[in-house]
2 protein chains.
Amino acid sequence: MGDKRRPAAKGKTPATIYDIARITGVNPSTVSRALNQPGRVSASTEQRIREAAADLGYRTNPMARALPTGKTGNLGLLVSDLTNPVYFDLVRGAERIAREHDAMLIFADSQESAELERSTAERLQIAVDGLLLVASRLEDAQIQELAAAKPIVAVNRPVPGVPSVAPDVRPGMVEALDLLHGLGHRRIAYLAGPEASWMNGMKWVTAHDLAVDRGMSIVEIQSSAPTREGGTDAFADVMAAEVTAVLAYNDLVALGLLGACRRHGVEVPRDLSLIGFDDIFGADLSAPALSTVRCSWGDMGSRAVAKLLGAIEGDASGAELNLPTEFVARDSVAAPRR
Amino acid sequence: MGDKRRPAAKGKTPATIYDIARITGVNPSTVSRALNQPGRVSASTEQRIREAAADLGYRTNPMARALPTGKTGNLGLLVSDLTNPVYFDLVRGAERIAREHDAMLIFADSQESAELERSTAERLQIAVDGLLLVASRLEDAQIQELAAAKPIVAVNRPVPGVPSVAPDVRPGMVEALDLLHGLGHRRIAYLAGPEASWMNGMKWVTAHDLAVDRGMSIVEIQSSAPTREGGTDAFADVMAAEVTAVLAYNDLVALGLLGACRRHGVEVPRDLSLIGFDDIFGADLSAPALSTVRCSWGDMGSRAVAKLLGAIEGDASGAELNLPTEFVARDSVAAPRR
DNA sequence: CGATGTCATGGAATCGTTTCCATGGCGGAA
DNA sequence: TTCCGCCATGGAAACGATTCCATGACATCG
């Protein structure tokens, strides 16, 4: 099997600073300085070293660098469910900023399980310089504990003492509730997400307060999961609630409910108005196109990474950042039947 | 700024095998053996060492391990466009298998640019044990060159001498063409994807051959991009082609075209039948729901990772793996107008 | 003109782990 | 009983880069 030292060694071993040092006749430490600390060595040697490096196709070995410096150049991104289309834009935004800063993004998902999230976070943490926790199902204390080891930025949820980036759901919901009220809706429902989700609680209390302010009554309906299936399953409960409009935890459940309505002959928006949350890919595809409250997930991703990079650099500005939301009017909302 | 050695050091430094060695009174090398080579040390010392390790919350430092072994425990996943919903399932499948094998997935996207793809692949390669190249826009030779350095598995495209996983588009397209032919379509179009895409060429020749076999005529229509915008932009060309059915490169362009049709009063499927490719999230959401050829992207992801892990272990079974596709009948196909 | 400071560079320790080699103890075979 | 070999473990050298400290060559200042 293994003939020499490296069993599956295919190509020749990559060039190291020692190779460069040998070729240019300087000490490895000088090579290191030339490559990383501009102006620290004489212009002529730096020139020679850079040329040799280019010749050899030298690339810094990140593992070797990580050892003495303690910096891996990796950022971890832990989401509750990679399958959820919301994360698409988030990932993209995060990736963009990470690339700009020469950092690599390491991914993991926790399958909506708090226990799995904790163990994954711990494992991930040793391989990265900082961690992005998206829609965490962990308790505040657990997150704070993780944050004591390495920088953490929480996304889509604030955690005391930990920097975070989250949407400010209020502006979008104000628009939504104003619209519903203006059209004559007086009894509406909030189709809830996971109980462990901070954001779910936030949306419920906001919707509740806003509805009450406007003299509307609002009921909370549980869903089995924050997915299309969850929305489908909630159909019967929604019908039983006798409301004229539904505000959903997210677009996925809204879309699921929409499908169930169609199959049962309940016409949206004539018989029921429906508002989602997130404006995911596909929200404008459904028939009718889904009205929704848009969070700028791409922005959240890039802001969160920027914040994390700052924290890694020692920026202790552990602020909480809130990005505004806005209502996107499409075709799933109308005046109630009578 | 930096007070001590590590500037932003928050928590205490993690435990090392030296700590364990000190506590248990053995040599660090023994600790290493106890933890990684079962049976290599006496049962009693192994027991003591494991207990101490657990007490200290010891976790192997992957960077330190990578240095002597050359194995990082990371796999790279490079896709042409992270934004494309097709990759959702792929990522999920890949992540599942990677997790099962204790490997971490590192992500990058190349924004549909061959040059960016090459440089990103090179950068990524030094940080991983192997690379997954999804829908690569690179030339065969370039991929082979990369594969000479470290194991590579190509996804969605075969490369001579490099293991690959790709859908076998034929079965699904046979079903699709049979359906169209049976309904009476005689003149159809293929709405193409990127020219640099191997898969695009594959789909075109397959569609072409299949159409000719059945006595249908088929034209190729270019699109500006494999996105919804690309589909929208192609509307005029599609109309000008005077066909009764369109087979699209993927669901995204199909969906874009569908939207354009709706806006221009062309009713699908009455005036035009439309078939997509991939069965992405949302394909069943549109009105009418999109008929499409489904590739099992989740399977491709997990198979590809498994193959890559095998290659890393030295399994030189550089086979080409093809996963079957199937036609998914929904509502965007009907008999032609007259 | 000698003392001092600066600059470019060399030398060596270090990061945490793996692994090759050495060593001592013990059991079994002769 | 003696010798050989194995087994558990210790010791030390890598892996590739960073970084602190040392050194010698100059230039500068008084």
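Glu112(A) counts as buried because 20 C-beta neighbours lie inside 10 Å of it, and 20 is the number from which a residue is called buried. The model is a predicted one. Glu112(A) belongs to the loop between strand 2 and helix 6 (114-125) of chain A. Although Glu112(A) is not a glycine, its phi is positive, about 60 degrees. Most residues other than glycine have a negative phi, and most peptide bonds are trans.

In chain A, the bond from Ala287(A) to Pro288(A) is cis, with omega near -5 degrees. Pro288(A) sits in the loop between strand 9 (273-278) and strand 10 (291-294) of chain A. In chain B, Ala287(B) and Pro288(B) are joined by a cis peptide bond with omega of about -5 degrees, and Pro288(B) is in the loop between strand 9 (273-278) and strand 10 (291-294) of chain B.

Strand 4 of chain B can be read residue by residue. In a regular strand the side chains alternate between the two faces of the sheet. Here Ile152(B) and Ala154(B) point one way, Val153(B) and Val155(B) point the other way, and all are buried. Strand 3 (residues 130-134) of chain B runs parallel to strand 4 of chain B, and 4 bridges join them. Across this pairing, Val134(B) is opposite Val155(B).

The next topic is the packing of nonpolar residues. In soluble globular proteins, nonpolar side chains tend to be buried together. The largest nonpolar core of this model has 188 residues. Those with the most contacts inside this core are Ile106, Leu132 and Val246 of chain A, and Ile106, Leu132 and Val246 of chain B. For Val246(B), leaving aside neighbours within four places in sequence, the contacts are Ile188(B), Ala189(B), Leu191(B), Val238(B), Leu257(B), Leu272(B) and Leu274(B).

How are the two chains related? Two copies of a chain are related by a rotation about an axis and a shift along it.

The contact takes 41 residues from chain B and 41 residues from chain A. On the side of chain B that touches chain A, helix 4, helix 5 (86-100), strand 2 (104-109) and helix 7 (140-149) of chain B each supply at least two residues. By class, this side of chain B has 25 nonpolar, 8 polar and 8 charged residues. Strand pairing also links the chains: strand 2 (residues 104-109) of chain A and strand 2 of chain B pair in the antiparallel sense over 3 bridges. Within this pairing, Leu105(A) has Phe107(B) as its bridge partner.

The DNA strands remain. Around DNA strand C there are 25 residues, of which Asn27(A), Leu67(A), Thr16(B), Ser29(B) and Ala64(B) come nearest. The elements giving two or more residues to this surface are helix 2 (28-36) and helix 4 (62-69) of chain A, together with helix 2 (28-36) and helix 4 (62-69) of chain B. The surface near DNA strand C divides into 9 nonpolar, 13 polar and 3 charged residues.

Around DNA strand D there are 24 residues, and Thr16(A), Ser29(A), Ala64(A), Asn27(B) and Leu67(B) come nearest. Two or more residues of this surface come from each of helix 2 and helix 4 of chain A and helix 2 and helix 4 of chain B. By class, the surface near DNA strand D has 9 nonpolar, 13 polar and 2 charged residues.

Is Asn27(A) buried or exposed? With 12 C-beta neighbours inside 10 Å, Asn27(A) counts as exposed. It is found in the loop between helix 1 (17-24) and helix 2 of chain A. Asn27(A) and Ser291(A) are 264 residues apart in sequence, and their C-alpha atoms are 65 Å apart in space.

Terms used:
Residues are numbered from 1 along each chain as its sequence is written. Chains are lettered from A and ligands numbered from 1 in the order in which they are written. This is a predicted model: local features need pLDDT of at least 70, side-chain atom pairs count only at pLDDT 80 or more; totals for chains, interfaces and linings use all residues. A residue is near a molecule or strand if its C-beta atom, placed from the backbone, lies within 6 Å of it. Ala, Val, Leu, Ile, Met, Phe, Trp, Tyr, Cys and Pro count as nonpolar, Asp, Glu, Lys and Arg as charged, and the others, Gly among them, as polar. A nonpolar core is a set of buried Ala, Val, Leu, Ile, Met, Phe, Trp, Tyr and Cys residues joined through C-beta atoms within 7 Å. Two residues are in contact if their C-beta atoms, placed from the backbone, lie within 7 Å. Two strands pair if DSSP finds at least two bridges between them.
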